[in-house]
Each structure stands twice: as C-alpha cells, then as structure tokens.
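Me: Hi! Could you walk me through a structure I have just opened?

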Amino acid sequence: MGQTDGFIKFNRAMPNTRDTKERIQDYKEIYPPVEVHHVQQQSARCMDCGVPFCHNGCPLGNNIPDFNDAVYAGRWEEAIKILSTTNNFPEFTGRICPAPCEASCVLSINNKPVTIEYIEKSIAETAFEKGYIKAQPPKVRTGKRVAVVGSGPSGLAAAVQLNKAGHWVTVFERSDRIGGLLRYGIPDFKLEKKIVDRRLKIMEQEGIIFRTNSHVGVNVSARFLEDEFDAVVICGGASAPRDLPIPGRNLEGVHLAMNFLTQQNKRVAGDRIFSGDIIAQGKNVLVIGGGDTGSDCVGTSNRQGAKSVTQIELLAKPPLSRNPETNPWPLWPMVLNTSSSHEEGADRRWAILTKEFTGDSKNRLTGLKVVDIKWSMFENGKTGFKEIPGTERILPCELALLAIGFTGAERGGLVEELSLDIDERGNIKTTNYQTNREGIFAAGDIRRGQSLVVWAISEGREAAKAADEWLMGESRLESKDASLVKVAY
Ligand SMILES: Cc1cc2nc3c(=O)[nH]c(=O)nc-3n(C[C@H](O)[C@H](O)[C@H](O)COP(=O)(O)OP(=O)(O)OC[C@H]3O[C@@H](n4cnc5c(N)ncnc54)[C@H](O)[C@@H]3O)c2cc1C
Ligand code: SF4
C-alpha cells in the first residue's frame, strides 16, 4: 500500500477533458497527455484491501492493488510487468473500458472509487514512452501453425498468447485493416488508431503474420485453414446487426449505426468514401438506441456538424444512483450513464416506442412517428409495455441511425462450411472454448455475444490457452486463475 491515509487525504480526480466546443472540431482524444504526479497521487487512494474486489470485478483479473503500489512508488517498469501478466493491451482498456473494477472498488461503498482505468492508461503510456514495452519474440518455436480468424481484440489477444507459446500464428481479417471494432467501430475520439497501429507493429516484430482482405468462408476456404494449420481460433465478432422492420425502413436517410461509424473512421484514416456517404452535417439526427453504439453516433454526429441530435431509448430513464436494495455494491451499478459524447450535446429521451418512419414524395426521410410507453400490467395479469394514449407524435429528422444491438454470429460463410454448432442465443457453441469441431476454437463476441473489449481480450487469452493445451498436452500460458497469485518482484 503506497500511502496509508491516501484515501482520506485525496479525492478522486480525473484530468480535465478538452473543452467540449473545442473537441467536437476534431476526432482526437478528449484527454490531455498523462501527468505523472497526478496519477501517483490518485494511486495513493488505493487501500490495498485484504480482499480486493476490484480484482474480481475485472474480467481479466488485473492485479490492481499491486500496480497501484508500484505506480505510487514510481516503479513504472514493475507496474507494466504486473499489468502485462493479465492484460495484453492495457493501452486499449485504459481508454475504453467501462471499468467494472471501479464499480467494485471497496472505496466506492461510501466514497468515489480509485481511478483504476486512468492509472492503467498511464502505466501503458509511460511504459511505451520509457521503452519498457517492446517486441518479445519466443525463444523456442514449437513448429505448430495456428490460424486466427478475425483481428478484433479477442483475435489479437489469442494471437499474442499463441505466439508467446511458440506457435507460428497467422491472423486472417476480411477487412482492409486490422483491429476489428477497435478499428472500424469505436470512434477515434475514444481510441485514436495510432494506438492500435503501435501495438500491431510490436506484434509483427514478434513474428505474427497479418493477412487482410482475407474473408474466411468467402475468398479463403475454411477447409484450407483446416488443412494448412494445426489449430484454428475463430474470433469473428458478433457483427450481425439488429434491424428495425417498421414501415418506412427503406426511406433514404435510415441507416445502420455501424455503417455510419465505420465510414467516419475510414475518413479519419484518410480514405475516400466513393458511394453512399452517410453524413450528419446540417441534419436533424435521430439516434435510435440508448447504448454505447448510440452514444458514439451522438459524438460523431456532433463532430460532423449536425443541426440537432436526439437519442431515444425504449427503456425507462435509469436512476441517478444505485438502489442499495436491488442493486448493491459490488454489482455493476444500473444507473444513468452520461458519456463524454452526451456532454457534447444531445437531447436524450426514454420510454419511447418507434412506430413508423415518415418520408416525402422523393422517398426521403422526414421524421419518425413515436409514442410514449410505460411498463404496466395487462388485464390478463401479464406485464409489458403499454402505449400511453395521446402521446403519439412525429420527431422530425433527416438522418436516423439504428443502434439497437447485434444478433450474434453471422450465419453462412465459415460457420456453415465448418458445420459449427450455434447456441440458443445465436453464438458459436463451445466447451472450454473448443467448438464441436476438434482443433477449432472460438472466442470473443462470436462466442459470448456482443460484449466489451476487456471481455474479448479475456476470451482470446483463455481460448489460446485451451488451444495450446490441445496442441501440446499442457500449457504454460497464464489464465485468469493464475492472475490471482501475487507476482514477486
Ligand atoms: C460502436 C461500438 C462501440 C463500442 N465501444 C466500446 C467501448 O467503448 N468499450 C468496450 O469495452 N467495448 C466497446 N464495444 C464492444 C467491443 O468493441 C466488442 O465487444 C469487441 O470489439 C469484440 O471483440 P471481438 O474480437 O470478439 O470482435 P470484433 O472486434 O468485432 O472483431 C471481429 C473481426 O473479425 C472479422 N471477421 C469476421 N468474420 C470473418 C471471417 N469469416 N474471416 C475473416 N475475418 C472475419 C471482422 O471483420 C472483425 O474485424 C463497442 C462496440 C461497438 C459496435
Ligand atoms: S481492464 Fe477494465 S475492468 Fe480491468 S482493471 Fe482495467 S479498467 Fe478495470
């Protein structure tokens, strides 16, 4: 424990974000560079609890009290060693993780939690700056070859771990660039792509091969992978979007959020969009869906110069603080989340049902007919949403973005070619990360459903361990359990 009375002396403090008016002029990160003194003071708030709940709150099992102690003492090399034992990409999670660890920090019972996520980012950035993060190719190669399908966080984590175990790893990615949703989903203002490229360069130096424009099941046959590789790990994500089949869906101006977000990330990368540009500039934008993807659409629309941005959600507005009876610590707090994109400006509305898109004679979107709803009991005793009479109205909009989730693994393609079993939620079914086909493993959103980057990394690591065990009879790769053992330095 760095400072015994740190949690009494210091309040939780995050660095100031860039001014909202300034930051919506560009797609750069909203936080200024890390300030070492500030981070060390924040790490002093960690109480090094006997039972550190934050540890369990993190899907990777990060050794949080240990790295807080090292940061407090300025032992940055030790801090990154501790963090790298459990997390391959702290520079990603330190920026975009919703930090379930902080929700379970013991300080948050009656105070504000330690700024764990920010400390994690600071460790990663300081370690890069000081040259502590560098390529570490394996000293011995096993001669086994492993194919990883998909280059999102789960595929990248699986690739790093399998390469570390000494296998030759090739990552197949259908897109033109590596990174999955880190590249073409999460906007640059949350995660600048130079951060992703910096890590990819190290992975290449470690011996991992990346093949872009390689769509397994389409222009690369899954059988080829089975023949050429000793094991395959499928990390294809859960990219099948949920649609909104209401009247007017085909009007010009109604789009899937992912198409809108991907286009903008491509523009920031310097690409030209040759057809079907989706642009919010000068338009009244309606974002349908109150989750993170919707929030990213809000931030992107404001940066594109939308006339107005409204975000609507089916569910009721969450409370401002947790209900200790039904949602006690250390569970994830089911409270109103105001993202940095919301701070930049949006009219947020809840408990609204979408009825119909309306358009003009030229088939262009002009509005969305909605009605207010309330969770109620029907005459037959069943519960559900009831429309509130007299609340039907049209919200004017020229651009509507559908951000209402995903429906699981994409069907056809490699799933069909390899006859993979699918579970009742539409994800690839596995037993200890192995599919119904021997030697073929699955991890990340394609296995667990649309989730978080931290879970994708965790799944990639666990699937890599399972594949390594299957290939070699045993595996020395770390897994979440091993992280619970304190590392001696
Ligand atoms: C807009 C948006 C914002 C998000 N923001 C956050 C956030 O701030 N924080 C957070 O923690 N999580 C966030 N998430 C969730 C997070 O991005 C995902 O949970 C995570 O990326 C899943 O990782 P993955 O590796 O399983 O899949 P993905 O990242 O989806 O990567 C899968 C990759 O596989 C490729 N692929 C698919 N099939 C094939 C094939 N047959 N052949 C070759 N390649 C294939 C795809 O092209 C893709 O590149 C967000 C999600 C979205 C949609
Ligand atoms: S990865 Fe996420 S949950 Fe884990 S310690 Fe970092 S911020 Fe917390």
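Reply: Happy to; we can go through the domains, a ligand and some backbone details.
Reply: This is a predicted model, in which local features need pLDDT of at least 70, side-chain atom pairs count only at pLDDT 80 or more, and totals for chains, interfaces and linings use all residues. Residues are numbered from 1 along each chain as its sequence is written, while chains are lettered from A and ligands numbered from 1 in the order in which they are written.

Me: Thanks! What does the domain assignment give for the protein chain?
Reply: It gives domain 1 (6-130), domain 2 (145-239 + 407-484) and domain 3 (254-402). Those bounds come from an automatic or database domain assignment.

Me: How many residues does the contact take from domain 1 and from domain 2?
Reply: Domain 1 puts in 22 residues and domain 2 puts in 24 residues. Two residues are in contact if their C-beta atoms, placed from the backbone, lie within 7 Å.

Me: And which helix gives the most to the side of domain 1 that touches domain 2?
Reply: That is helix 7, with five residues. Helices here are DSSP runs of H or I with at least four residues, strands are E runs of at least two, and both are numbered from the N terminus.

Me: How do the residues on that side of domain 1 divide by class?
Reply: You get 10 nonpolar, seven polar and five charged. Ala, Val, Leu, Ile, Met, Phe, Trp, Tyr, Cys and Pro count as nonpolar, Asp, Glu, Lys and Arg as charged, and the others, Gly among them, as polar.

Me: Switching to ligand 2: which residues are the closest?
Reply: Cys58, Thr93, Cys97, Cys101 and Glu117 are the closest of the 14 residues that surround ligand 2. To be near it, a residue needs its C-beta atom, placed from the backbone, within 6 Å.

Me: Which element brings the largest share of that shell?
Reply: Helix 9 does, with three residues. By class, the shell around ligand 2 holds nine nonpolar, three polar and two charged residues.

Me: Now the backbone. Where is the peptide bond that is cis?
Reply: It runs from Trp329 to Pro330, with omega near 5 degrees. Pro330 sits in the loop between strand 7 (308-312) and helix 15 (340-343).

Me: What about the phi of Ser419?
Reply: Ser419 has a positive phi of about 50 degrees, although it is not a glycine. Tyr433 is not a glycine either, and its phi is positive at about 70 degrees. Ser419 lies in the loop between helix 16 (413-417) and strand 14 (440-442), and Tyr433 is found in the loop between helix 16 and strand 14.

Me: Is Tyr433 buried or exposed?
Reply: Tyr433 counts as buried because it has 22 C-beta neighbours inside 10 Å. Ser419 has 10 C-beta neighbours inside 10 Å, so it counts as exposed. The cut-offs, with C-beta atoms placed from the backbone, are 20 or more others within 10 Å for buried, 12 or fewer for exposed, and partly exposed in between.
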